[in-house]
Amino acid sequence: MTNKTNNGALDSLFKLSEHKTNVKTEIVAGITTFMTMAYILIVNPDILSATGMDKGAVFTATALSAAIATFCMAFMANLPFALAPGMGLNAFFAFSVVLGMGYSWQFALTAVLIEGIIFIILTLTNVREAIINGMPMVIKHAVSVGIGLFIAFIGFQNAGIIVDNPATLVALGDVQDIGVILAILGIVITGILLIKNVKGALLIGMLVTTVLGILVGKAALPATLVSAPPSLKPVFWQFEFDKIFTFDMLLVVFTFLFVDLFDTLGTLIGVSTKANMLDESGKLPKARQALLADAIGTTAGAMLGTSTVTTFVESASGVAEGGRTGLTALTTGFLFLASTVFAPVFTAVPAQATAPVLILVGLFMMSPILKINFDDFTDAIPAFLTIIVMPLSYSIAEGLVFGVISYVLLKGLTGKAKEVHPMMYIIAILFIAKHALS
């Protein structure tokens, strides 16, 4: 029900009455969304700093890119969704492209910039939806699950729960180590908060674990709570334009495009369904504007110095609080801006506190496995290969390669070639060429 809390200008701008909501509800929803996804301000700099990027600069870039993209969502699409550098995409950036393939983080940022520009063009020309339709749902579901396992694996490594072993490749770490114990406690604490449906469970769990870390000497109190935002200079506009016309850049850009395409689409559809925002045909009104906000955010994020920006599934928490319009997103965006002055607090969080979040976000990404038909082996085998190869090869790209090629071959050689979209053949050929020529 609307009430007198609706400001006339805000009501007109965001059509609050039309959506049967009010200013108070929208603001509370925006705060809730921020609380559930503020962990990205800690986790994203932590992940990208593994490449040598300046952690403080990435923190500022993360907050500003999230604010810019979320403001675009608010004013262009009038939807209650928030955006920020995405989990999974940042892992691909750091651990696959930079640490795995051996490229510089500047190369990876260049790929993100190209991806953003391509997304803007594809969205404006309505090609983005057509590309999405060319990929089979089974691969889309498998990508989410594979990335979930990959992110969780990184979390276990960062915590010291899983370590390398020359005989078995991986092994259980020293569970008597205080750092490992701290991380395990973090998983338990955050898990209890999630079970109790505490809003902001991931962030609260991280902060509680950090406090425990300070008590046991695994973290240090920040010198100050508030400071000027860390300078963007170390990561701002750091591109390698001389590498644009290389096959490796093509593969990296395509993988960024692919993962972001389906991550964003799945999030938009999932959260919109929860909010009853889909029309009679199951489509999301203003989907084009929402996708454009994502594309602008990614382009701006690359310029500022961070990985791909995407719509966050945590937006569902704000929707659950009654958020229905862009005012929810606007509120979240302002909070991301405000967070830039609290950099000392966010950057003081230790790896043992961020690891539980990575592990549990990995859990969140597992649910699409329930939608895979394991009775049809032409679907099940490509899905399984996609899922298992990602963490074992430490590469999202290689998981895609195994999944796409096996899908095309198994369908084509068992009389089901008609089920394969022509685009899949093109992609499979590109993947085969990449490995044949490398």
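Tyr-394 is partly exposed, with a relative accessible area of 23%, where buried means under 20%, exposed over 50% and partly exposed in between, computed with a 1.4 Å probe on protein chains only. The model is predicted, so that local features need pLDDT of at least 70 and side-chain atom pairs count only at pLDDT 80 or more, while totals for chains, interfaces and linings use all residues. Residues are numbered from 1 along each chain as its sequence is written, and side-chain values use heavy atoms, with hydrogens and water left out.

A search of the whole structure finds twelve aromatic pairs. Rings of Phe, Tyr and Trp (its six-membered ring) pair if their centres lie within 6.5 Å; planes under 30 degrees apart count as stacked, over 60 as edge-to-face and the rest as tilted. One of the pairs joins Phe-150 and Tyr-394 edge-to-face, at 5.2 Å centre to centre and 85° between the planes. This pair links distant parts of the chain, 244 residues apart: Phe-150 lies in helix H8 (residues 137–159), and Tyr-394 in the loop between helix H17 (377–393) and helix H18 (396–413). Helices are DSSP runs of H or I with at least four residues, numbered from the N terminus. Phe-150 is buried, with a relative accessible area of 0%. Tyr-394 also forms an edge-to-face pair with Phe-153, at 5.9 Å centre to centre and 75° between the planes. Phe-153 is in helix H8, 241 residues from Tyr-394. Together with Phe-95, the residues Phe-150, Phe-153 and Tyr-394 form one aromatic cluster.

The largest nonpolar core holds 99 residues, of which Tyr-39, Met-87, Phe-93, Met-206 and Phe-336 touch the most other members. A nonpolar core is a set of buried Ala, Val, Leu, Ile, Met, Phe, Trp, Tyr and Cys residues joined through side-chain atoms within 4.5 Å. Apart from this core lies another, of 15 residues, among them Cys-72, Met-73, Phe-81 and Ala-293. Residues touched by Met-87, not counting those up to four places away in sequence, include Tyr-39, Ile-151 and Phe-312; contact means heavy atoms within 4.5 Å.

Thr-190 is found in helix H9 (residues 178–195) and is buried, with a relative accessible area of 0%. The side chain of Thr-190 reaches the backbone oxygen of Gly-186 at 2.7 Å. Leaving out residues up to four places away in sequence, Thr-190 touches Ala-201, Leu-202, Gly-205, Pro-356 and Leu-360.

Ser-272 lies in helix H11 (residues 247–274) and is buried, at a relative accessible area of 0%. The C-alpha atoms of Ser-272 and Phe-153 are separated by 30 Å, with the two residues 119 apart along the chain.

Terms used. Helices (H or I, at least four residues) and strands (E, at least two) are DSSP runs, numbered from the N terminus. A polar contact is a pair of N or O atoms within 3.5 Å; within protein, one must be able to donate a hydrogen and the other to accept it, and residues adjacent in sequence count only if both atoms are side-chain atoms.
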